[in-house]
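Work through the exercises below with the structure in view. Try each task before you read its solution.

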Amino acid sequence: MINVNELVHGPFRSAYLGYYAFVPHAGRGYMSEGLALALRWAFRELHLHRVEANIQPGNEASRALVRRFGFRREGFSRRYLKIAGRWRDHERWALLAEDWRGHRSSNFGMRRTRDS
């Protein structure tokens with residue numbers, strides 16, 4: 001599941017990215033393929049300038065995923081989100097449209113989609 005939330009247009013042109021996968025589907029490239037499509041939609045169709053992802057510091061798979069797409073770590077948010085009854089710290093990662101355009105040409109080591 002991948003979603004683009006809290007869309008703000010006007011001079012901000014930003015949104016938050018959310019995603020998760022179930023264990024039986026891990027390691028099959030679904031998240032990479034889905035994220036490539038979601039980012040293309042966010043930057044091409046919605047004309048966003050920025051997409052942010054907030055990730056728990058211990059979630060190495062998620063951090064590796066966004067790094068592959070050119071996201072950069074921008075900060076740390078203490079007790080950012082309540083998960084399973086506990087407030088959890090998160091790292092703030094962001095990708096700008098111009099960075100996405102630059103990394104997109106490398107195709108992130110993935111197969112090309114029909115519209116790429």
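**Exercise 1. Locate Arg63 and Glu60, and state how far apart they sit along their helix.**

Step 1. Arg63 and Glu60 both belong to helix α2 and are three residues apart, which puts about one helical turn between them. Helices (H or I, at least four residues) and strands (E, at least two) are DSSP runs, numbered from the N terminus.

Step 2. Their side chains form a salt bridge, at 2.8 Å from N to O. A salt bridge is a side-chain nitrogen of Lys or Arg within 4 Å of a carboxyl oxygen of Asp or Glu.

Step 3. Check the cover. Arg63 is buried, at 14% relative accessibility. Glu60 is partly exposed, at 45%. Buried means under 20% relative accessible area, exposed over 50%, partly exposed in between (1.4 Å probe, protein chains only).

This is a predicted model: local features need pLDDT of at least 70, side-chain atom pairs count only at pLDDT 80 or more, and totals for chains, interfaces and linings use all residues. Residues are numbered from 1 along each chain as its sequence is written, and side-chain values use heavy atoms, with hydrogens and water left out.

**Exercise 2. Follow Arg63 to Glu91, and find the network of salt bridges.**

Step 1. Arg63 also forms a salt bridge with Glu91; the closest N and O atoms are 3.1 Å apart.

Step 2. Arg63 lies in helix α2 and Glu91 in strand β5, so this pair ties together parts that are 28 residues apart in sequence. Both residues, Arg63 and Glu91, are buried.

Step 3. Now widen the view. A network of salt bridges links Glu60, Arg63, Arg73 and Glu91.

Step 4. Count the salt bridges in the structure: there are five. Another pair is Glu52 with Arg50, where the closest N and O atoms are 3.0 Å apart. Glu52 is buried, at 9% relative accessible area. Arg50 is buried too, at 15%.

**Exercise 3. Which residues of helix α2 are buried, and where do they point?**

Step 1. Helix α2 covers residues 60-68, and its buried residues are Ser62, Arg63, Leu65 and Val66.

Step 2. Look down the axis of α2. The buried residues fall within an arc of 160°, so they line one face of the helix. The arc is that of the directions from the helix axis to the C-beta atoms.

Step 3. Find their partners. The buried residues of α2 pack against β2 (14-19), α1 (30-45), β3 (50-55) and β5 (86-96). Contact means heavy atoms within 4.5 Å.

**Exercise 4. Describe the largest nonpolar core.**

Step 1. A nonpolar core is a set of buried Ala, Val, Leu, Ile, Met, Phe, Trp, Tyr and Cys residues joined through side-chain atoms within 4.5 Å.

Step 2. The largest core has 23 residues, and those with the most contacts inside it are Leu17, Leu39, Phe43, Val51 and Phe71.

Step 3. Two or more residues each come from β2, α1, β3, α2, β5 and α3 (97-104). The biggest share, six residues, comes from α1.

Step 4. Apart from neighbours within four places in sequence, Leu39 touches Val51, Phe69, Phe71, Leu95 and Trp100.

**Exercise 5. How do the rings of Tyr20 and Phe22 meet?**

Step 1. The structure holds two aromatic pairs. In the pair of Tyr20 and Phe22, the ring centres are 5.6 Å apart and the planes stand at 80°, so the pair is edge-to-face. Rings of Phe, Tyr and Trp (its six-membered ring) pair if their centres lie within 6.5 Å; planes under 30 degrees apart count as stacked, over 60 as edge-to-face and the rest as tilted.

Step 2. Tyr20 is partly exposed, at 41% relative accessibility. Phe22 is exposed, at 56%.
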